[in-house]
Amino acid sequence: MTASPRQAHVSWWMEEARAALGPEPQPPLTGATTADVVILGGGYTGLWTAWFVTERDPGCDVVLLEGDELCGSGPSGCNGGFCYGMWEDLDALIRFFGETQALRMAETAQRSVDEIEAWLSANGVDAWFTRGGHLTVATSAAQDGAWASLVSTAHRLDVGERFIELDAAAVQDRCRSPVFRGGLLQPDNATLQPARLALGLRAALLERGVRIHESSHITRFRDGSSVEVETTSGMVRAARGVLALGAWSASLPSFRRTIVPRGTYIVVTEPAPDRLAEIGWTGGEGLGDWRTALHYFRSTPDGRIAFGAAAATAGAGVGLGPRLRYDEASIVKLVDDFRRFFPSWVDVPIEAAWGGPMDVTGRHLPSFGTLPGGAMHYGVGYTGGGVGPCHFGGKILAALALGVEDEHTTLPLVELPMMRFPPEPVRSVGAAVTQHAIVRKDEAEDVGLQADTVTDFIARLPRRMGYELGP
C-alpha cells in the first residue's frame with residue numbers, strides 16, 4: 001500500500017486558484033442589516049442564484065453569507081470539475097417524470113453547459129473550460145454494456161446523437177489503460193477548474209454590488225412572512241431567503257431524513273505532460289467508470305491527472321466531520337486504484353489529496369422548493385454532479401426569490417417531494433453498512449470476482465427499496 005499524500009488546504013484546485021487570482025476574503029457580517037434577498041451558502045448554487053437575481057433585478061439588494069474564509073471552499077471548489085448535464089440520467093428521469101418532462105429536464109441541464117462556457121468567455125474568467133466530452137468506460141467485465149438501456153432509450157426518443165458508443169480499441173485510442181474496455185462518449189460535455197469558476201463568480205458578484213460576507217457562520221434562521229438569519233456576529237432581515245448549503249442541509253430538521261452526506265476523495269499528480277502524451281490522453285476528455293462507487297478522472301492543461309472516487313464513508317448523524325474532508329484509508333486506496341489504472345505513472349509523485357461531502361438524495365437528483373414558512377427557498381441534492389446543474393438551479397432559485405414563474409420554476413424538480421430515508425439511528429448505520437457493501441462489491445468485480453451473497457444483497461438493497469444508486 002502507498003503512503004498517504006499531502007492533504008490540500010480545501011483542495012489543490014483552490015490552492016491553484018488563490019495563487020493565480022489572489023482573492024481577498026470579505027469581512028464577516030457584524031451587526032444588524034437588511035436586504036431584499038439573503039443567500040445562505042457561497043458555493044455554486046448560492047453564487048449562481050445571486051447572479052441571476054441581480055441579472056433579472058439589478059436594483060435588488062442581495063446579501064450572501066459564507067461560513068468558510070472564501071466562497072467556493074466547500075464542494076464547489078473541491079469537486080472533479082466535470083461540467084455536464086443530465087442525459088446520463090435519462091432512464092431515471094423517465095421513471096420519475098415521464099418521457100416529455102424527462103427530455104425537457106435533460107435539454108435544460110445541457111443548455112447550462114453551453115451557458116457556463118459563454119459566461120466564462122463574456123466575463124473574462126479562465127476556468128480551463130475544455131469541451132473534450134465525457135467518456136464513461138467499463139473497467140471490468142461486470143460493467144460491460146452497462147449503457148445499453150440508456151442508449152436504447154435515447155435512440156427511441158430521437159436523441160441518440162447525445163451518445164457515441166466506443167469499442168475497446170476506440171477507447172484505447174483516446175486514453176490507454178490496461179483496465180479500459182468499451183465505453184460511452186457524451187461529446188457535448190466538458191471539464192473545468194472548479195475553484196476558478198467559483199472565484200470568478202464571486203468576483204463578478206462583488207463588481208455588481210452583492211454584499212458577500214465570508215467567515216460568517218450561520219447559527220439559526222427564522223422563516224415566515226420574511227426571513228431573519230443570525231450569524232455568530234450579526235443578523236440579516238430580508239424579504240426572501242435562499243438555502244444553498246449543500247450537504248450541510250442535512251443538519252436542518254427539514255432535510256434530516258432526505259439528505260445523506262457521503263464522502264468523495266481526489267488525488268492530483270505532479271505535472272507530467274509527456275506521460276499524458278504517451279498514453280494518448282490529449283483530447284481533454286473527462287473520464288469515469290460504471291461502478292456504483294464510481295471512479296472519475298481528468299487531466300489538466302499542465303499535464304496532471306486528477307483521480308477521484310466515491311468512498312465508503314457516509315456521515316453519521318449530520319455527518320460532516322473532518323473525515324469527509326480527508327480520510328487516510330480512502331485516500332491510500334484511491335492512490336492504489338490510480339496506479340492500477342495508469343501503471344506507467346507509477347513514478348509520478350502525487351502532489352496532493354483532499355475530500356468533501358456530497359449531498360446524496362434518494363433519487364440521486366436535486367430538488368428545489370420553498371419551506372413551509374413561504375419566504376425561504378432551497379436547492380439541494382446534486383449528489384456529486386452539480387457543476388452544470390447548479391447553473392439552472394440558480395435560475396430556479398432566483399425566480400422563486402423574486403416571485404416569478406417561468407420555464408425554470410415549472411421544471412419537474414421544483415416542489416418535488418424528496419424521498420425520505422429511515423430515521424436515526426437506522427439512517428446512519430444503514431448508510432454506513434450499505435456504502436461499505438457497495439464498495440466491497442465493486443472491488444470484487446474490479447478483479448473479476450463476484451461479491452459474497454450477503455454483500456451482494458446489502459449492496460442491492462437500496463435499489464430494491466426504490467432508491468437510486470447511480471450507474
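Q: Is Asp302 buried, partly exposed or exposed, and what do those words mean?
A: Buried means under 20% relative accessible area, exposed means over 50%, and partly exposed is in between (1.4 Å probe, protein chains only). Asp302 has 31% relative accessibility, so Asp302 counts as partly exposed. Keep in mind that this is a predicted model, where local features need pLDDT of at least 70, side-chain atom pairs count only at pLDDT 80 or more, and totals for chains, interfaces and linings use all residues. Residues are numbered from 1 along each chain as its sequence is written, and side-chain values use heavy atoms, leaving out hydrogens and water.

Q: Which residue forms a salt bridge with Asp302?
A: A salt bridge here is a side-chain nitrogen of Lys or Arg within 4 Å of a carboxyl oxygen of Asp or Glu. For Asp302 the partner is Arg304, with the closest N and O atoms 2.9 Å apart. Arg304 counts as buried, at 8% relative accessibility.

Q: How many salt bridges does this rule give?
A: The count comes to 29. One of them joins Arg208 and Glu55, at 2.3 Å from N to O.

Q: Which parts does the pair of Arg208 and Glu55 tie together?
A: Helices are DSSP runs of H or I with at least four residues, strands are runs of E with at least two, and both are numbered from the N terminus. Arg208 sits in helix α7 (residues 194-208) and Glu55 in helix α2 (residues 44-56), so the pair links parts 153 residues apart in sequence.
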